[in-house]
Amino acid sequence: MNDVLMALADILEERKRVNADDSYVASLHRKGLNKILEKVGEEAIETIIAAKDVPGGGDRQALVNETADLWFHTLVMLSHLDLGPDDVLQELKKRFNISGLAEKAARTQAK
């Protein structure tokens, strides 16, 4: 699955350099970070709503679709800030074999 994320990251980097009239991603970059963050927030809310409906028989595919939109826009955000999925995957890898409670406590102490 890392291949999918890395391929998408490569495409997103390419789209930063194309005409904003020809690419949705380029248009987001041109509009700036605040617009990108707005889209991440919008997709997060839509994902939450879709997830909330699933236990009551809601559309599971709608949840998958909304999560894909959220991940996509999050990757656009990372790209805009010159980061990528590998940065996040490396952080997740560091957290293997660490209790979630211990990891959270370490982050709290570091602040």
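Being three residues apart in helix α3 (residues 33-53), Glu-42 and Lys-39 are separated by about one helical turn; a helix here is a DSSP run of H or I with at least four residues, numbered from the N terminus. The side chains of this pair meet in a salt bridge, with N to O at 3.0 Å. The term salt bridge denotes a side-chain nitrogen of Lys or Arg within 4 Å of a carboxyl oxygen of Asp or Glu. The two partners fall into separate accessibility classes: Glu-42 is partly exposed, at 30% relative accessible area, whereas Lys-39 is buried, at 13%. In these terms, buried means under 20% relative accessible area, exposed means over 50%, and partly exposed lies in between, with a 1.4 Å probe and protein chains only.

The model is predicted, so that local features need pLDDT of at least 70 and side-chain atom pairs count only at pLDDT 80 or more, while totals for chains, interfaces and linings use all residues. Residues are numbered from 1 along each chain as its sequence is written, and side-chain values use heavy atoms, with hydrogens and water left out.

Glu-91 is partly exposed at 29% relative accessibility, and Lys-94 is exposed at 57%. Glu-91 forms a salt bridge with Arg-95 as well, the closest N and O atoms being 3.0 Å apart. Arg-95 counts as partly exposed, at 31% relative accessibility. Over the whole structure, the search finds seven salt bridges.

Helix α5 (85-94) also contributes to the largest pocket, as does α4 (60-80); these are the elements that give two or more residues to its lining. A pocket is an open set of points on a 1 Å grid over the protein atoms alone, where a 1.4 Å probe fits, with protein on both sides within 12 Å along at least five of seven lines; lining residues have an atom within 4 Å of a point. The space in the largest pocket is about 200 Å³, the volume being that filled by probe spheres set on the points. Its lining consists of Leu-5, Trp-71, Thr-74, Leu-75, Leu-78, Pro-85, Val-88, Leu-89 and Leu-92. By class, eight of the lining residues are nonpolar, one is polar and none is charged. Here Ala, Val, Leu, Ile, Met, Phe, Trp, Tyr, Cys and Pro count as nonpolar, Asp, Glu, Lys and Arg as charged, and the others, Gly among them, as polar.
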